[in-house]
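Subject: Structure for you to look at

Hello,

Here is the structure I promised to pass on. Please open it beside this email and follow along.

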Amino acid sequence: MKTDIKWAALFAAVCAVCAAVLLSRGAADGGRAVIRVDGEVYSVVELDADEPYEFDIRTERGYNRLRVEKGCVSVTEADCPDKLCVKRGKAHPGDLPLVCLPHRLTVEVGRADVDAVAGGM
Amino acid sequence: MSVKKITATAMLLAAALTIFVAEAQLPPPVPIPGVKLGLANVVTLAALSLLGRREAFAVLLGRIALGSIFAGQAVSFIYSLCGGLLCYIVMAVLIGPLGERLWVVSVFGAVAHNVGQIAAAAALAHSAAAWAYLPVLIISGVITGAFTGLCAQLIAKRLKRRKTE
């Protein structure tokens, strides 16, 4: 029993180290947003800006104003009828994508390097 | 191998395969690729403890080959094989000194399994980016390994008692 507890403590320590590595990396890597219109990639934005900035995505269906901050992205203005994309608020890496259905716009937010690799595991 | 041992190995393989296929139908507990309970490893561990290294190897290989045919895709076969082999090697070595503590053997095996899977993913994708998953899969390996190991420990204890009665 005593030996069991020793092993458990060792494993818990290993887990703690791993968790610390994960947390520190999460802070360093802001992530990346892939913006698609109608399923086609419109542009890819790194979420590492020190100063937040905004830009418009204009298509024949209307416009969405995107606000890019360190580690997150949001839609601040749009001329779509339901404004669900604006109400949605900020999206961080790992969240569900921002979607503006009337304008067929999606913004997927993920980590810069790892999310594409392990699909089949 | 005696007939009794061959039969016992075949029974354990059938049990492992059933558990593997049943688990593949369940939704994954966390939405991270590569994280799963690995319940079939309970049987590999029990075989390792009750029958021996050779028999456990047969159970493992048979389960991976047949399991991929019944429940997986070609890619998952490569992941399973790399993970399973590394897991087996580690457990087969540790079962000697740590035979009484199957759950410790199981934790090391589960972590080795996940390392093997990442190695396979990194090799298949020609990219080291898969290694970024290592901390997540170590944590999940420790948790799932402890759980499956405790199950195997209980099963092995009971079956051993029955064998001596």
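**What I found**

Start in chain A, where E6(A) and E7(A) form a hairpin with 4 residues between them. In that turn, A:Arg104 has a positive phi of about 55 degrees. The names follow DSSP: helices (H or I, at least four residues) and strands (E, at least two) are DSSP runs, numbered from the N terminus.

Some ground rules. This is a predicted model: local features need pLDDT of at least 70, side-chain atom pairs count only at pLDDT 80 or more, and totals for chains, interfaces and linings use all residues. Residues are numbered from 1 along each chain as its sequence is written, while chains are lettered from A and ligands numbered from 1 in the order in which they are written.

**First sheet of chain A**

(Axes are lines fitted to C-alpha atoms, for helices over the stretch in contact, and angles run from 0 to 180 degrees between N-to-C directions.)

Two strands pair if DSSP finds at least two bridges between them. E6(A) and E7(A) run antiparallel and are joined by 3 bridges. In E7(A), A:Val107 is the bridge partner of A:Leu98.

Which residue of E7(A) is the bridge partner of A:Ile35? It is A:Val107. Strand E1 (residues 32-37) of chain A and strand E7 (residues 105-110) of chain A are antiparallel, with 6 bridges. A:Arg32 has A:Gly110 as its bridge partner in E7(A).

Another open sheet has 3 strands in the order E3-E4-E5 (chain A), and the pairing is antiparallel. Here E3 and strand E5 (72-78) of chain A are at the edges. Each has a single partner strand, so one side of each is without a neighbour in the sheet. On average, neighbouring strands of this sheet are turned by 30 degrees against each other, direction ignored.

Strand E3 (residues 53-59) and strand E4 (residues 62-69) of chain A run antiparallel, joined by 7 bridges. A hairpin of 2 residues links E3(A) to E4(A). A:Phe55 stands opposite A:Leu66 in E4(A). E4(A) also pairs with E5(A), in the antiparallel sense, over 6 bridges. There, A:Val68 stands opposite A:Val73 in E5(A).

**A buried cysteine**

Look next at A:Cys85, in helix H2 (residues 84-87) of chain A. Is A:Cys85 buried or exposed? A:Cys85 is buried, because it has 25 C-beta neighbours inside 10 Å. (Buried means 20 or more other C-beta atoms within 10 Å of its own, exposed means 12 or fewer, and partly exposed is in between; C-beta atoms are placed from the backbone.) Beyond four places in sequence, A:Cys85 has contacts including A:Asn64, A:Val75, A:Leu98 and A:Cys100. (Contact means that the C-beta atoms, placed from the backbone, lie within 7 Å.) A:Pro102 is 17 residues from A:Cys85 in sequence and 9.8 Å away in space, C-alpha to C-alpha.

**Chain B**

Now the helices. Chain B has 6 helices and 0 strands. Of its 165 residues, 44% count as buried. Of the contacts in chain B with a separation of 6 or more, 73% link residues 24 or more positions apart.

Helix H2 (residues 40-50) and helix H5 (residues 102-125) of chain B have axes that come within 11 Å and cross at roughly 125 degrees. That angle makes H2(B) oblique to H5(B). (Under 35 degrees is roughly parallel, over 145 roughly antiparallel, 65 to 115 roughly perpendicular, and the rest oblique.) Residues making the contact include B:Leu45 of H2(B) and B:Gly109 of H5(B).

B:Ala121 is also in helix H5 of chain B. B:Ala121 is buried, with 25 other C-beta atoms within 10 Å. B:Tyr79 lies 42 residues from B:Ala121 in sequence, but 7.2 Å from it in space, C-alpha to C-alpha.

**A caution**

pLDDT is the predictor's confidence in each residue, from 0 to 100. Chain A averages 82, and 87% of the residues score at least 70. Over residues 115-121 of chain A, pLDDT stays under 50. Where pLDDT is low, the predicted coordinates should not be read in detail.

Best wishes

Note on methods
Contact = placed C-beta atoms within 7 Å.
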